[in-house]
Amino acid sequence: MSALKKADHFNTSLAEEMDSSFQLHSPFVTRRIQLNHASSLPQIGSSVYQCFFEHSSDAMLIADADCKILHVNPAFVAITGYTLEESIGQTPHLLCSGVHSESFYDQLWESLNQKGYWRGELVNKHKNGDAFSIWQRINVIEDNNRQVLYYISAFSDISIIKNTERKLWQMAHLDSLSGLANRALFEQRLLQELFAAKRSGQFGAVIFLDLDDFKKINDCLGHRCGDLLLQEVAKRLQLNLRTEDTVARLGGDEFVILLSGLTHKLDDAEKTAGNVAQKVLNALLEVYLIEDQELQISASLGITLFSTAFDESTEKLLRQADVAMYAAKTEGKSTYCFYHPDMLEQANKRLSIENELRFALQNDQIVLFYQPQYDAARQLLGFEALVRWQHPEKGMISPADFLPVAEETGIIIELGERLLYMACRQLAAWHSQGFKVPHLAINISPVQFTHCNFVDSVNSAMELTGVNPAAIMLEITENLIIKNITEVIEKMRLLKQRGIRFSIDDFGTGYSSLAYLRRMPIDQLKIDRSFVQDITHNENDAAIVNTIIAMAGSLNLDIIAEGVETPEQVAYLADCGCNAFQGYWFSRPLPGAEVLSILDKG
Ligand SMILES: Nc1nc2c(ncn2[C@@H]2O[C@@H]3COP(=O)(O)O[C@H]4[C@@H](O)[C@H](n5cnc6c(=O)[nH]c(N)nc65)O[C@@H]4COP(=O)(O)O[C@H]3[C@H]2O)c(=O)[nH]1
């Protein structure tokens, strides 16, 4: 302001002077306005300008060469909240919001001094303290000697436009549920960081985060609860990261974190990224209070690093971090893994199994085989239903090759329900055809058992097929019992009320304790085939089998041995007191149609 020279004597009325200036040009298109009383342009009465000034919807102010406000119009009063009296004598600094930097004002003044005008966007402050955005035009009015006489300014409130712009930007760049960046914004920032890393030589990291078993929360507690949990997770992520780190939600329960400017050394960068990942893991593990319920959830994290040496695309880096996250899931969840190229092949294989498995489910490629169970006198005791995938090109695929993927991806829920229904339907059909099948054992994956819909899905399979529940034996594993004892017992109790029986599969390979077993409403222990295999020439295995049989006797449980392949094994097991067998010695698992040949009517 001090650079501005004081105006010449202000000897005519304001209206008259403005009359003169407006005769020359429109004030908003001229570069520099000079008053020229000798103008020969046609005259318009001052009342017209007065009227224009008073009724304009744009705020207008006129200031003298010292920037002291001489006059403002009613629109100025309406937009800024300052009355005419409050404004006169003040400088436009009255409206300063503090949002703009000193260099912003330097450029404004440079334009006014050199070009005689400035136009642009500004954020001003209303009398009530609220900030509002304006589109402002300022013109310098000079006399014939190029001495500044006045500054005239007009501005319109563009807050609505700016808010709409902001909303549109948010819609395009932010995730509406969590308020975090979305994939598009994340990729933009990642691209910037890739360029920055190339220049600086510093490492950056992309961390892919997926909540463990989040689907269960959504399925069991509802989507509202799931959404609230995701919002809490987002908050914790933001709280535990620096503001310069970018956190984004890609969708569902998938989040990504971008760490930049780590260090120049790979080891140090790995260490820092690992520390951040561990910090995030710990923070997410803390109990959540969602709608008066205490919830706990863990996460699996995958980390990939980038720097000058890497010429990766954003897409590729995200994929690498995703692949590493899957490795963390397979390592038992609630942990983090760094990306390694070997993981990619594994991930591609898993992805193709996942896609093909979904297709197989829809296209009846999933079938059940049935392996008979006998007593020592070869009396049929029942069958175990065993899943097979009849792949059109790859042939018969063993469950060991696709069940882990089905469990990791949650497909096991749909698959398990389907198998349960198919097994019940087959048993009901045998019974209705008059065949004597005392029981059918059905394998239940731990993921399937712990799902909130499990009891309902068993009940609905039984109701839909009309099968006799007393002929159903559900096989669960020891590890399931250890992890969720109370929940497992409750579900077993509900199903036992319907007449269903339970067998502990692969018994002896897990960590069951006698104390647990006593509490469980179990009917049968199944000796794992790894003990049966060497029972005749390995003392340890023989001792374990003897102990299991004794334990079953003392707990009043049935016992069955699986994987029996030789008559010696049958004899040995029978000597120990086991009188139920399943294994290749008796029969391999058979397709449903072949089972008919070994079934008895009666
Ligand atoms: N070496 C040898 N093996 C024998 C012998 N007798 C039976 N087996 C095999 O041993 C496995 C017994 O099933 P499991 O322990 O429940 O172990 C099963 C079970 O845990 C799981 N599984 C199979 N079907 C289903 C299903 O429908 N649902 C679920 N959730 N899991 C299933 O996959 C595992 C493997 O199933 P399969 O490949 O069918 O393998 C079956 C069966 O084919 C024998 O004498 N010698």
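Predicted model: local features only at pLDDT ≥ 70, side-chain atom pairs only at ≥ 80, totals over all residues.
Visitor: What domains is the protein chain divided into?

Guide: An automatic or database assignment gives domain 1 (14–163), domain 2 (174–340) and domain 3 (354–598). The C-alpha centres of domain 1 and domain 3 lie 85 Å apart.

Visitor: Why is helix 11 called roughly perpendicular to helix 12?

Guide: Helix 11 (residues 314–330) and helix 12 (residues 342–362) pack at an angle of about 80°. Angles of 65 to 115 degrees count as roughly perpendicular, so that label goes to helix 11 against helix 12. Their axes are 10 Å apart.

Visitor: How do you know that helix 11 and helix 12 meet, and which residues do it?

Guide: Contact means heavy atoms within 4.5 Å. On the helix 11 side, Arg 319, Val 323, Ala 324, Tyr 326 and Ala 327 take part. They meet Met 343, Leu 344, Ala 347, Asn 348, Arg 350 and Leu 351 in helix 12. By class, the residues of this contact are eight nonpolar, one polar and two charged. Arg counts as charged, so Arg 319 and Arg 350 fall in that class.

Visitor: Which residues line the second largest cavity?

Guide: Ile 413, Glu 417, Gln 448, His 451, Asn 453, Phe 454 and Ser 457 do. Helix 14 (411–432) and helix 16 (454–465) each supply at least two of the lining residues. The lining has two nonpolar, four polar and one charged residues. Glu counts as charged, so Glu 417 belongs to the charged class.

Visitor: How many charged residues are in the lining of the second largest pocket?

Guide: None: the lining has 14 nonpolar, five polar and no charged residues. This pocket has a volume of about 470 Å³. Of its 19 lining residues, the closest to the centre are Pro 92, His 93, Tyr 105, Leu 108 and Trp 109. Helix 5 gives the largest share of the lining, four residues.

How values were computed: Residues numbered from 1 in each chain as written. Heavy atoms only, no water. 1 Å grid on protein atoms, 1.4 Å probe; cavity = no way out; pocket = protein on both sides within 12 Å on 5 of 7 lines; lining within 4 Å. Points joined across faces, edges and corners; volume = space filled by probe spheres on them. Axes fitted to C-alpha atoms, helices over the stretch in contact; angles between N-to-C directions. Parallel < 35°, antiparallel > 145°, perpendicular 65-115°, else oblique.
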